[in-house]
Each structure stands twice: as structure tokens, then as C-alpha cells.
Amino acid sequence: MSYVSWLAATVTALNRLHLLVATLFILFIVLILLALKPPKYVVSEQFPLINKSFAWEPRLFARLRWAVFCREILQAAYDKAGGKPYRLERGDADYVVLPASTIPELNRLPPDILNTRKHHSFSLLGHLTGMDVILKTSYHVKTLLGRISPAINEATPLMAERMTARLNHLFPQEIGVWASIDPVDALPILVWLLPAKWRLLKGWRTWDRIVIPEVRRRLQEKDFDPSKRGDLISWMLHDAKTPIERDEHVLCHLCAAVIAGATYSTANLASEALVELVANPDILDEVRSEIKQKHAEIGGQWDLAALDSLYKLESALKETSRLSPGAALVYQRVVQRDVQLSCGVQLKRGQFIAVTSQEGIMAYTANKDVLGHIPDTYDGMRFYNEDLERHKATPFSGINGPLLTWGSGRWACPGRIVANMMIKVLMVELLDKYEFEFVKGKKPGVIRIHEFLMLNPMANIRVRRREKPLCGIVIAPTR
Ligand code: HEM
């Protein structure tokens, strides 16, 4: 190599080195600025800090770690804090994670101290997604609790009929022929992973186009009777007292907020419960025999009371929820006023609090093994066999049991009565009329993204219509 070309190569290499150093320096400054940016929430200095490697670490790193290693972070936190409160850096916010034993006391606090909707709006990126409508009113929650849930007995046959029609459409109807299906639709996760604002706005416009004409149609109906329709919009229109409760856009967006909370979680829990039953044929047999026995006992007249007395099915549902709760963090609230708990913990206005769903299970002491560990293997009959009376006294749809499936207290899931009914109708229908098997014998796994757990939406299972249904269950309105 000539001296000139050697010099040119050296200069190019030095330029590249300068460029690299400059880029790293800029990146470093950006990270420092990100680290210094004051958070929007109040930091809680009094507790041990989890998921922060060093004081100046940018929150972005904590967020990335949380997205992938949430389970490991929470396990390490539990081991480190030994059941005491700790501060969790989640990346988007800093949470005081409280032991589940504080829930009864938190539930007794006056309603203006803890706010759940401010938290939901924050975590659902309300300002971007339009979900901040829930900050304006809780009318949807009031209607679910005050109108829809109390009427669930009458609504069950109607809703069951709709669900059966949908299953008949989605599932193979040719006797004995196997087909592959997605137990959970793949779409929710794609939408969730790509929350581009323009896409959401387009979604909202489409939604408005569908729902607003429905609202107007109902308003023009003569002798409009919501109890005949029984849906959320009809009841909200009927009971509306304030301008905000009458606003068609608000009603429309509230319905969307309910659907966002309702659809995926219900489909996911039913699919996970089904997958566990297929993976455990002995439990599946027990649940099927119970359904058969009940069918004979009630002379085929299925209603919600009959569904709710399938205690083996209840046990399997609780066990699925115990092992795969929809989210690793529950009971998420914003603190609105300073408050001191009896254990000495000081909660400050503006802080976020949460409880881990795993922690909730700890309260179920009978479930611990001799070393005090919670069993992490599936036993669908665990709740049924361990303490049947207690199992019956704490139904799956309730909020007084050991599990935090629906959260807890006055802000617990207002759709739990509806969800319980839908899941049971689905399970009974599916087990009565169809058979299932895994593709190549491989059980679909559960995936975790941030604190959310879900059945792998890419995984399929095989299904075929039974030659003869187990009992020939029909849950439909009598006409
Ligand atoms: C298996 C299915 C479901 C699960 C596991 C579930 C779970 C939950 C949980 C854990 C919460 C938060 C509670 C808390 O913070 O204490 C919640 C809130 C909520 N859920 Fe559900 N849910 C399900 C189905 C439904 C259904 C079917 C509906 C509607 C029909 C619904 C409507 C809502 C609404 C509106 C909220 C927010 C309540 C508020 O803002 O106060 N959910 N759900």
C-alpha cells in the first residue's frame, strides 16, 4: 500500500471513529436528559426500589426490562421485600406495590382517596386512545352493576343463543372432521402492539358510524323499553339524567371502553381453561361427567343457577385464573389524598399503587405446600377437593375469595357477572358438542407482554363436532 492510500485509509478510519464517538456522546446526553425528566407521578422514596439498576438509569431501560421480564422482576421483588411494600419502577410510572393483606383496609377507605379510572386512563394511554372518556363519567360502570348484572338471569338464554349461533358459524359442523382454530382471535394483540394514533382515530370514526345510528334509532323508537333489549346502550339511554350521560359520542365511547375491557379477557380466560382441560383429560372427564349429571338432574332446563352449581367446572376456572391471571399487577389505583395505613405505610397524593395477582394467591394459605410455596402445577380439582364448603361459599364470579381475578372492593370488575355467565355458557356448549386436541400434541403456551398474560394468539388447536353430543344442551329463550 502506498503512503498516500495508507494516509487516506487512516483518515477515513479516524472519521468513522469520530462519528461513532459523537453518536455515542449524543445518545449518552439524550439518556441523561431522559433520566432527568421529572416523572408525571409522585415518587415514593420510603420503600426499597425494584427494577432500577442505578440511580441515573433512564426509565426507558426499566420499561424494556419490564416488557420482557415482568415475572422474574416480580419474583425477585417478592424475595427481596419478603412480603413488605416496595417501589416498582415500571418504566412508564413508579408503583408502590402493597401486600395483598392491605386490600381489606384499602377497600374500607372513603371513595375519594383511591381512584381507579385515573389509573386506567393513564395505563391505556387515554389521551391517545380516546379512553380518557372514563374520566368524564362512570356511567357505564353504574349501568353494568345496576342494570345489566341484576338482570343476568333473564339475559342468559338470549345471550347463550347468540353465542351458540356464533360458535356454529365459527366451528366445523361436519361430524367427526377435525379442523384447526385459533382459540383466541389474533387481532387484539396486533392492535395492542401497534397503537398508531391515526389508526385509532380511524377505528373511532368507524365505531361512531356503527354505534351512533343505533343510539339515534333507539331514541326515535316509540314505547322504547330497554328491558326488552337488555343491552348497555339501551339502558344508558333510558337512565340518562345529565347532558354528559345523554351525549351520543360519550355513550358510544363508553361502550367501546367496556368492550375493550370485556372481550379479550373473557375469550382469553375461556380459551386458557379449555386448553388446560384438554391437557388434563382426567379433569376434563370429571367436568364432563358433572355436566352430564346436572343435565339429568335439571331435566335439560339450563339456566344460570344450574351453570353456577357446576362446582367442578368452577374449580377448573379458578385454577386457570390462579395460574394464569390476566395481569400480573392488579388493584391499580391513583392515590388522591395522603393516607397512613395501620401497618405504618404512608401513601402520598399522586402515587400509584398496585398488588401482584400472585400475592393475592398467597392469602390462600391452604394452597401452600409444606415449605410455604404456592404450587405452580395445574390441578383443576384443587379448589373442589381442598375445601368444598369454602369453594362453594366463594364463587368464581365473586370478589371475596382468595383470587384477585376481578380485582377487589368497590372498583372491582363490574362485568364479572356477565363474564362468569359467558364463560360458563361457552364451556358447557363446547364440552357438550365438540372434541379438542392439540396440533401435533403440543399444548399452546401462555405469553407475557409487560404484566399481561395471554394464550399465545398464534397457536391453534384442533376441534371436531362430536358424533353424538354429550347431553344435547340447549340454552335458549322459550318462545
Ligand atoms: C374473564 C374476564 C374478565 C376479567 C378477568 C376482568 C378483570 C377485570 C379487572 C381485574 C378489573 C380491574 C378491577 C380493579 O382494579 O379492582 C376490571 C375492570 C373492568 N372490567 Fe373487567 N374483567 C373481565 C370481563 C369483563 C366484562 C365481560 C366486562 C363488561 C361486560 C368488563 C368490564 C370492566 C370495566 C368497565 C372495568 C373498569 C371498571 C372501572 O373503571 O371502575 N370486564 N376487569
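Helices (H or I, at least four residues) and strands (E, at least two) are taken here as DSSP runs, numbered from the N terminus. The structure is a predicted model, in which local features need pLDDT of at least 70 and side-chain atom pairs count only at pLDDT 80 or more, whereas totals for chains, interfaces and linings use all residues. Residues are numbered from 1 along each chain as its sequence is written.

The protein chain contains 20 helices and 13 strands. A residue is called buried if 20 or more other C-beta atoms lie within 10 Å of its own, exposed if 12 or fewer do, and partly exposed in between, with C-beta atoms placed from the backbone. Of the 479 residues in the protein chain, 33% are buried. Two residues are in contact if their C-beta atoms, placed from the backbone, lie within 7 Å. Among contacts between residues at least 6 apart in sequence, 76% connect residues at least 24 apart.

The surroundings of the ligand were examined next. A residue is near a molecule if its C-beta atom, placed from the backbone, lies within 6 Å of it. The ligand is surrounded by 28 residues, the closest being Ala 262, Ser 265, Gly 407, Cys 413 and Gly 415. At least two residues of this shell come from each of helix H4 (116-123), helix H6 (139-148), helix H13 (248-279), strand E6 (329-335) and helix H20 (416-433). Helix H13 gives the most, with six residues. For the classes used here, Ala, Val, Leu, Ile, Met, Phe, Trp, Tyr, Cys and Pro count as nonpolar, Asp, Glu, Lys and Arg as charged, and the others, Gly among them, as polar. On this basis the shell around the ligand comprises 15 nonpolar, twelve polar and one charged residue.

Cys 413, one of the closest residues to the ligand, is placed in the loop between H19 and H20. Cys 413 is buried because 21 other C-beta atoms lie within 10 Å. Apart from its neighbours within four places in sequence, Cys 413 is in contact with Trp 406 and Gly 407. An unreviewed UniProt entry places the feature "binding site" at Cys 413; UniProt annotations may be inferred rather than shown by experiment, and their positions are given in the numbering used here, with feature names shortened. Asp 387 occupies the loop between helix H18 (382-386) and helix H19 (388-393). With 15 other C-beta atoms within 10 Å, Asp 387 is partly exposed.

Helix H6, which supplies residues to the ligand shell, has Tyr 139, His 140, Val 141, Thr 143, Leu 144 and Ile 148 buried. These buried residues pack against helix H7 (152-170), helix H11 (232-239), helix H12 (243-246), H13 and H20.

Two helix pairs were described by their axes, which are lines fitted to C-alpha atoms, for helices over the stretch in contact, with angles running from 0 to 180 degrees between N-to-C directions. Angles under 35 degrees count as roughly parallel, over 145 as roughly antiparallel, 65 to 115 as roughly perpendicular and the rest as oblique. The axes of H6 and H11 come within 10 Å and cross at roughly 100°, so H6 is roughly perpendicular to H11. Tyr 139, His 140, Thr 143, Arg 147 and Ile 148 of H6 make this contact with Leu 232, Trp 235, Met 236 and Asp 239 of H11. The contact of H6 with H11 has five nonpolar, two polar and two charged residues.

In the second pair, the axes of helix H14 (residues 281-297) and helix H16 (residues 311-323) come within 8 Å and cross at roughly 140°. H14 and H16 are therefore oblique to each other. Ile 283, Glu 286, Val 287 and Glu 290 in H14 meet Lys 312, Leu 313 and Ala 316 in H16. By class, the contact of H14 with H16 has four nonpolar, no polar and three charged residues.

Ser 324 lies in the loop between H16 and E6. Ser 324 is buried, as 20 other C-beta atoms lie within 10 Å. Sequence neighbours within four places aside, Ser 324 is in contact with Glu 272, Val 446 and Leu 453. Ser 324 and Glu 272 are 52 residues apart in sequence and 8.0 Å apart in space, C-alpha to C-alpha.

Positive phi values in residues other than glycine occur at Tyr 331, near 50°, and at Asn 51, near 70°. Tyr 331 belongs to strand E6 and is buried, with 27 other C-beta atoms within 10 Å. Asn 51 sits in the loop between strand E1 (49-50) and helix H2 (59-81) and is buried, with 25 other C-beta atoms within 10 Å.
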